[in-house]
Structures are given as C-alpha cells and as structure tokens.
Amino acid sequence: MTTPDPTPHMMSWLEAPPPEHSLRFSDGHGTWTSYTYTAMAEQVRRNAHRLHRQGIGSGDVVLLLGQNTIGFVTSLYGILHAGATPAIVAPVGPDAMVSRLKSAVDSVRPAAFLVTADHASILEDVARPLGCRVLAESADGPMDDGPPDLPQVALIQFSSGSVSEPRGVQIPWSALNTHVFSIHEWLSIDQDSRVVSWLPFYHDMGLVGCLLMPLAIGGSASFMPPQEFIGHPLLWLREISESGGTACAVAAFSLSHILRRVRPEQLEGLDLSSMQSVIIGAERIDPDVLSAFHRLLAPSGLAHGALLPAYGMAEATLAVTGVRPDPHEVHTQLVDTEALEVGKPVSFPAADAPSVARLVSCGTTLAGIEVDILDADGGPLPEGTFGEIAVRGYSLATGYRQGGLTAFGDRHSTGDMGFVVDDELYVVGRAGDSVKQNGRTLFAEDVQVVAAAASPKPQRTVALLGALSGANAAVVVMEDCTAAEASAVGRSVAARMPGLRVMVLLIPHGTLRRTTSGKPRRRAMWQELVISGDMDSRTVWDSLAPGAPRPADRSAADLRTSSRPTEGLAPSQRTDLVEQIRVALGSALGREVAELSETTSLFEDLAVDSSGVLELLLTLEESVGLEIDLETLEPEIFETVGTLADYVEANLAKTPRG
C-alpha cells in the first residue's frame with residue numbers, strides 16, 4: 001500500500017485568507033448572508049485566544065454544538081487553532097440534550113463547551129451540572145498571533161449509531177488532513193469549485209465532505225440548515241443554480257424526498273449544468289430512485305456522470321470508496337440475494353430470476369485506502385466473493401473514545417456485508433440485519449425494497465429481521481398508515497419471501513428510530529418493538545394468521561377521509577389531531593405525552609426553537625396528507641399546541657378531497 005504524498009495543512013487559509021472567496025449561510029427563512037475569509041480568520045483567532053486564556057490547548061477536548069451556522073465554523077477552527085480537539089454534539093431538544101451531553105462528557109471528558117453567545121445561557125444550565133464549563137464566543141477582543149498549534153487528535157466524531165448508541169470516533173490530525181486533500185483529488189476540487197450543502201455539520205458527510213473540504217483550499221460554499229432542505233428542497237436546487245454550485249453530497253434517502261416534493265414545472269429556469277459531483281452515500285442506494293432522480297433533474301442540465309455513489313463512515317474519517325466522475329452510466333450488478341453466503345462466490349443471475357436484486361456500485365477506493373472482504377474467521381477473500389467489508393489505510397480512526405480509547409488497530413471490520421467486482425465495491429447490508437433462510441442469507445435491505453415499494457409511506461416503513469419463537473421472521477413496522485394499507489404491505493412481502501414469517505406492526509408516530517444520517521436503527525427497534533414491546537396490540541397482519549382480526553387502526557389517516565366536513569373536523573377527529581401533535585412533540589423533545597395539553601406553549605413551556613417547529617410541521621404534513629406553505633406561517637400559530645392544531649385543522653378544510 002502506498003502512502004499519499006505530503007500535503008499542506010487544511011488550516012493554511014488562516015494565514016492568507018483568500019479575498020475573492022466567501023461562505024454563504026441561509027438563516028432557514030430564505031435570507032442568505034456572506035462571510036469573508038478575512039472576517040472568519042479574525043473570529044477564529046479570537047476564539048483561540050479565549051480558549052488559551054482559560055488554559056485550554058494541546059491535548060484538551062472541547063465540545064461543540066453541530067449547527068449549520070457561521071458560529072460553528074469559527075468555533076471549530078478556533079478550537080483547532082488553539083491545539084485542542086473539537087468533539088461535535090448533534091443538537092436535540094432541551095430534555096434530550098441532558099442525556100446527549102452526559103454521554104458525550106462521559107466519553108471524551110471535555111475541558112469545556114464552546115458555544116455562541118445566544119446559546120450560552122441555555123446550555124450552561126444543562127452542561128454545568130455535568131461538570132462541564134461553558135465558554136461563549138466573543139464578537140470582539142484580542143486575537144491569537146502566529147500560526148495554529150495543530151493538534152495530534154483533530155476531531156472526535158460521534159458515529160451515527162446504526163448498530164448501537166453513538167460513539168466518539170477519534171480521528172488523528174494526519175488522517176483528517178490527508179483525507180480532505182484526497183477528496184480534492186477524487187473530485188478534482190480547486191479554488192473555482194463551489195460546494196452547496198444542507199447536510200448537518202454534526203454528520204461526517206456534512207462536516208468533512210462539505211465544510212472542511214472546501215475550506216482547506218479556500219473555496220466558496222453555500223450552507224443551509226437541514227430543516228430548510230426538508231421543508232423546501234427546491235431552495236437547495238435554486239442555490240445550486242444561482243451560485244453555480246459544482247459539488248455537493250446527499251444522503252441516499254434524500255433523493256426520494258426530492259422526488260416527492262419537487263415537481264418538474266418548479267424546475268423551469270433552473271440551470272444545474274455547473275454541478276460536477278453529487279456524492280450519494282449513507283445507505284444502500286436504490287437504482288430505480290437514482291434513475292428517477294436523474295430523469296427529474298436532467299432537463300435542468302444535471303449530467304448523469306455527476307451522480308457519484310460512495311461508501312464511507314466516520315471510522316474511516318469519511319469516504320472509503322467512490323465512483324469517479326464519468327459521463328457513462330453508474331455500474332450495477334444483478335445479484336441473487338438468496339444465494340449469498342459468506343465465503344462463497346456471488347451469483348450473478350439473469351434479470352428475471354425470482355430473488356434478483358440490482359446493486360449499485362460504490363466505486364473504487366480512494367488513494368491510500370484499501371478494502372478487504374473477510375470470511376467468518378476474518379480471513380481475506382478473493383474478488384467476487386461475499387463477506388464482511390473491512391477497511392485499512394491512512395484515514396482510519398485510532399479508535400472509539402468511551403472514557404478510555406478502544407483502539408482499532410491496522411484494520412477496521414465494519415459490520416457491513418458486500419463484495420468487490422472489477423475493483424468496485426458493492427454493499428449488500430448490515431451483518432446484524434440478516435437471517436439465514438433455507439441455507440441462504442437474507443438481508444433487511446432486500447425486505448425493505450419490497451415493503452417500501454408496496455407502502456403508501458415508504459419513508460415511514462422499516463423492515464426488521466430476526467428470530468421469533470425459534471423461526472426467522474420479517475417484522476415490517478409502519479407509521480401513519482391504515483390497517484388495510486399495512487395488510488397489503490404484508491401480503492406483498494410474504495409473496496416475495498416464501499417460507500419466511502411476515503408480520504406488520506402499526507406504531508405511534510415518532511417511534512421509528514434512525515441514525516443522524518437517516519439510516520434505520522434496526523437492532524434497537526427489534527429490541528424495543530419485538531423483544532420488549534407489546535407486539536400483539538400493534539400487529540395488524542401476520543402471515544401465520546392473515547385473516548385474524550386485529551386492533552382497529554386509529555392513525556392520522558382518519559383525518560383524510562372523504563367525509564371530512566369543509567367547516568372543520570368532527571370532535572373525535574379534532575381529538576385525534578391534538579393527540580398526534582402531542583405524540584410528535586413528546587417524541588421529539590423526550591417529554592411524556594401526559595405532560596402536554598392544548599394550552600402547552602411550544603416556546604415557553606417546551607423551549608422549541610424554529611427548527612423544531614419546522615420538523616414538527618413537516619411530520620404533520622406527511623401524516624395528514626396536507627401540504628403546508630412554510631413561507632406564510634405566522635409566529636402566533638406556534639403559541640400553543642391548540643393554536644397549532646387550529647392552523648392544521650383550518651388547512652385541512654381547504655385541502656381538496658380525494
């Protein structure tokens with residue numbers, strides 16, 4: 001394995017801020033503000049001086065809240081300039097923040113929590129009882145002189161937690177610095193490139209791939225809050241068009257979101273021809289969704305060669321493999337998923353085989369990184385053989401920080417299963433999300449494809465696999481659907497998976513658990529819903545007793561019936577609507593639903609911020625089949641749970657039937 005050539009360090013822009021480039025940030029409401037590199041460099045040096053004055057420097061860890069703001073950027077680089085290590089915490093509701101911070105404090109034992117001035121008082125009440133002091137940014141004051149004091153440990157990323165609770169992944173400076181410049185080489189990034197991103201800074205794709213990568217070369221970039229993209233994905237596409245964006249990264253699940261929310265006529269006048277690299281990762285990519293995404297945006301100039309599926313993880317800093325920009329089609333392979341067996345050659349059948357699945361290539365390894373496919377004993381397997389994916393190379397993290405350091409060694413076994421063909425990696429699924437059926441391996445992702453295709457709410461449908469009463473079973477969990485819809489999904493899955501017990505559960509809204517990158521936390525849901533949960537009361541269809549009566553479905557779909565009166569909801573429907581809002585709020589903020597009533601104030605009692613309100617509205621929008629115009633909302637709507645219910649009820653009355 002060759003070692004990449006020496007590279008400059010990614011903070012060199014602080015020594016000579018490029019005057020012709022800047023970063024643009026959206027406030028989440030359509031207003032963009034630009035910040036020059038010179039102004040950012042000054043604030044970075046102020047933050048570094050503030051930390052040094054508090055005795056914080058080399059070897060210390062500083063917590064940082066991962067919000068898509070300019071304050072995050074200058075805080076992050078201020079910590080690095082001081083020689084300390086930033087550990088980034090995902091923002092959550094006030095109550096959930098207590099447990100999130102406690103976990104972070106226990107894992108990394110920080111010297112302080114660096115926050116922006118507007119968050120200082122709120123976070124101080126949470127952090128100080130945990131023994132973590134809070135330091136606020138200062139808009140003026142003395143600055144550190146001289147070059148940065150580069151840390152040995154550049155970053156602690158908290159993994160997205162698809163298998164377990166998020167863990168602190170320790171990234172050495174040499175790995176992060178070299179990897180950022182390897183991404184430049186992969187994507188042919190230069191100072192004329194422009195990144196346009198909505199991905200959260202607390203996730204490795206948003207942080208390393210979309211923030212650190214362009215800043216390392218002093219390039220321009222545009223950033224919007226994730227919630228703004230969720231509400232108006234068209235705004236992200238408009239920014240690409242208007243700013244001449246050339247590079248971005250997206251989670252695979254967001255392609256379906258764009259297809260649902262953006263109509264072809266809304267794209268008129270947009271020019272996406274400048275976009276050269278759309279990195280697609282975070283989960284297995286559906287080739288049909290990838291094709292539909294390109295069909296939607298091709299008339300606006302998006303080239304198919306710009307779509308670049310990739311595979312990566314925080315444990316490898318970010319990217320492991322990636323498709324190179326190419327005008328030709330992304331490679332795919334037809335695979336007999338039922339014939340997959342660890343240590344055995346992969347079967348590539350004809351397209352009409354009953355258990356065939358088309359897998360999308362995740363490309364070849366980046367420079368200095370190697371992928372091994374391992375057998376059950378950890379031994380290497382030849383190309384074209386199915387096994388566990390392992391990663392080695394310069395970008396590998398040193399290990400997990402959980403109080404002490406659990407080191408990885410020279411190779412990290414990922415828990416993902418796949419194979420390599422023509423040096424390109426194909427990812428099949430998680431090792432823990434599969435069962436042996438009739439001597440073959442069946443993956444939850446394969447069941448997911450069938451269930452999502454049959455579901456009216458594919459984003460609210462997750463397939464789980466495991467053993468029930470000594471036999472293999474697929475348990476499909478669904479939110480916001482009727483019993484009839486759930487039963488139809490069960491029948492579709494059972495028809496495609498003969499011999500496998502199939503059950504469908506209807507669960508309360510907010511019960512589905514996902515990682516910060518949107519991947520289902522299947523193992524956690526299996527434990528909570530199947531092993532520890534009350535399955536009988538939630539099961540609406542079971543292939544062992546498909547005709548058995550089940551509990552009546554009281555989901556939000558009742559609000560969409562054709563008998564809905566135009567003057568408002570019936571009393572029982574109003575009660576269901578309020579209950580749904582209470583459940584959504586309770587789930588988002590970690591509150592007991594019993595604590596919430598129609599008079600509960602979202603701002604004063606629950607401390608919900610604008611991002612939380614937006615997420616709540618989008619949840620309700622999908623649940624009740626109502627398109628909410630997010631740009632015309634008035635603050636009075638969010639005074640209480642009741643006023644929010646009034647708004648939704650009024651808009652339901654205006655929504656055409658059928």
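Let's start at Val73. Val73 touches Leu23, Phe25, Met40, Phe201, Leu211 and Leu215, leaving aside residues up to four places away in sequence. Touching, or contact, means heavy atoms within 4.5 Å.

A word on the source. This is a predicted model, where local features need pLDDT of at least 70, side-chain atom pairs count only at pLDDT 80 or more, and totals for chains, interfaces and linings use all residues. Residues are numbered from 1 along each chain as its sequence is written, and side-chain values use heavy atoms, without hydrogens and water.

Now the core. The largest nonpolar core has 116 residues. Such a core joins buried Ala, Val, Leu, Ile, Met, Phe, Trp, Tyr and Cys residues through side-chain atoms within 4.5 Å; buried means under 20% relative accessible area with a 1.4 Å probe, protein chains only. Met10, Val73, Trp236 and Leu237 have the most contacts inside it. Helix H6, residues 204–216, gives the most to this core: 9 residues. Helices here are DSSP runs of H or I, at least four residues, numbered from the N terminus.

Next, H2 and H6. Their axes come within 13 Å and cross at roughly 75°. Axes are lines fitted to C-alpha atoms over the stretch in contact, with angles from 0 to 180 degrees between N-to-C directions. So H2 is roughly perpendicular to H6, a label for 65 to 115 degrees.

Which residues of H2 make the contact? Phe72, Val73, Leu76 and Tyr77 do, against Leu207, Leu211, Leu212 and Leu215 of H6. That contact divides into 8 nonpolar, no polar and no charged residues.

Definitions and conventions: Buried < 20%, exposed > 50% of the residue type's maximum accessible area, 1.4 Å probe, protein only. Helix = DSSP H or I, 4+ residues; strand = E, 2+ residues; numbered from the N terminus. Parallel < 35°, antiparallel > 145°, perpendicular 65-115°, else oblique. Nonpolar A, V, L, I, M, F, W, Y, C, P; charged D, E, K, R; others polar.
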